[in-house]
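Here's a quick briefing to read with the structure open beside you.

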Amino acid sequence: MARAQSLTTAKPSLYKRDFYQWLNQQAALLRERRLDELDIVNLREEIEDIGRSEERAIESNLVVLLTHLLKYQFQSDQRSSSWRGSIVEHRRRLRRLIGQGPSLRRYARETYAECYADSREQAAAESSLPADAFPPESPFTLEQALEPGFLPE
């Protein structure tokens, strides 16, 4: 019974109490090469989550970029500077992500068709056009979509 009681009154780990302090502690332990003191379980989980976060950022920015490229191409009478601004902004975000992690370009290629399908649905939701007004496959390549200055006509 004493063991069960001590488990319920145990102080939460630093990881649960103060994530920021835990991060700094883990970084210090790494710098000092005190590897046996690292919180390996939580550290591994956080590193894996960073990778997933980078992938989500690629997907999110790619969907927004493709959505605005579609609207720009298929709603030429409603083109706006905000669409062009969004295109420039999301290209910049994608360039930075890929620049910091060049292997993310491969991930962007792998997920491009799925992102395009999502952007097609999003473009329909944001316009007066039905989803089938947009081509079932992307009318532009990933390279074109990321190319500064490219605007579909």
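In this predicted model, helix H3 (residues 19–31) packs against H4 with an angle of about 100° between them and their axes 12 Å apart. That angle falls in the 65 to 115 range, so H3 sits roughly perpendicular to H4.

**Where H3 meets H4**
- Sorted by class, the H3–H4 contact has 3 nonpolar, 2 polar and 1 charged residues.

**Aromatic pairs**
- How many aromatic pairs turn up in a search of the whole structure? The count is 5.
- Take Tyr15 and Trp22: their ring centres are 4.7 Å apart and their planes sit at 75°, so this pair is edge-to-face. The cut-off at work is that planes over 60 degrees apart count as edge-to-face.
- Both Tyr15 and Trp22 are buried.
- Phe19 and Trp22 pair up another way: with ring centres 5.6 Å apart and planes at 25°, they count as stacked, because the planes are under 30 degrees apart.
- Put together, Tyr15, Phe19 and Trp22 make one aromatic cluster.

**Phe19 and Trp22 along H3**
- An α-helix has 3.6 residues a turn, so residues three or four places apart point the same way.
- Phe19 and Trp22 are 3 residues apart in helix H3, so about one helical turn separates them.
- Buried or exposed, where does Trp22 fall? Its relative accessibility is 1%, so Trp22 counts as buried.
- Phe19 has a relative accessible area of 36%, so Phe19 is partly exposed.

**The bend in H6**
- Helix H6 covers residues 103–126, and at Tyr112 H6 bends by about 55°.
- Tyr112 is itself one of the buried residues of H6.
- What covers the buried residues of H6? Among the elements doing so are helix H4 (40–74), helix H5 (81–100) and helix H7 (142–146).

**Arg33, between H3 and H4**
- Most residues other than glycine have a negative phi.
- Arg33 is not a glycine, yet its phi is positive, at about 55°.
- You'll find Arg33 in the loop that runs between H3 and H4.
- With 71% relative accessibility, Arg33 counts as exposed, because the cut-off for that is over 50%.

- Ala133 sits in the loop between H6 and H7, and at 33% relative accessibility Ala133 counts as partly exposed.
- From Ala133 to Ile87 is 46 residues in sequence and 21 Å in space, C-alpha to C-alpha.
- Ser13 is in the loop between helix H1 (2–8) and helix H2 (14–17). Ser13 counts as partly exposed, at 34% relative accessibility.
- Ser13 and Leu104 are separated by 91 residues in sequence and by 33 Å in space, C-alpha to C-alpha.

Note on methods: Residues are numbered from 1 along each chain as its sequence is written. This is a predicted model: local features need pLDDT of at least 70, side-chain atom pairs count only at pLDDT 80 or more; totals for chains, interfaces and linings use all residues. Side-chain values use heavy atoms; hydrogens and water are left out. The bend at a residue is the angle between axes fitted to the seven residues ending there and the seven starting there. Helices (H or I, at least four residues) and strands (E, at least two) are DSSP runs, numbered from the N terminus. Buried means under 20% relative accessible area, exposed over 50%, partly exposed in between (1.4 Å probe, protein chains only). Contact means heavy atoms within 4.5 Å. Axes are lines fitted to C-alpha atoms, for helices over the stretch in contact, and angles run from 0 to 180 degrees between N-to-C directions. Angles under 35 degrees count as roughly parallel, over 145 as roughly antiparallel, 65 to 115 as roughly perpendicular and the rest as oblique. Ala, Val, Leu, Ile, Met, Phe, Trp, Tyr, Cys and Pro count as nonpolar, Asp, Glu, Lys and Arg as charged, and the others, Gly among them, as polar. Rings of Phe, Tyr and Trp (its six-membered ring) pair if their centres lie within 6.5 Å; planes under 30 degrees apart count as stacked, over 60 as edge-to-face and the rest as tilted.
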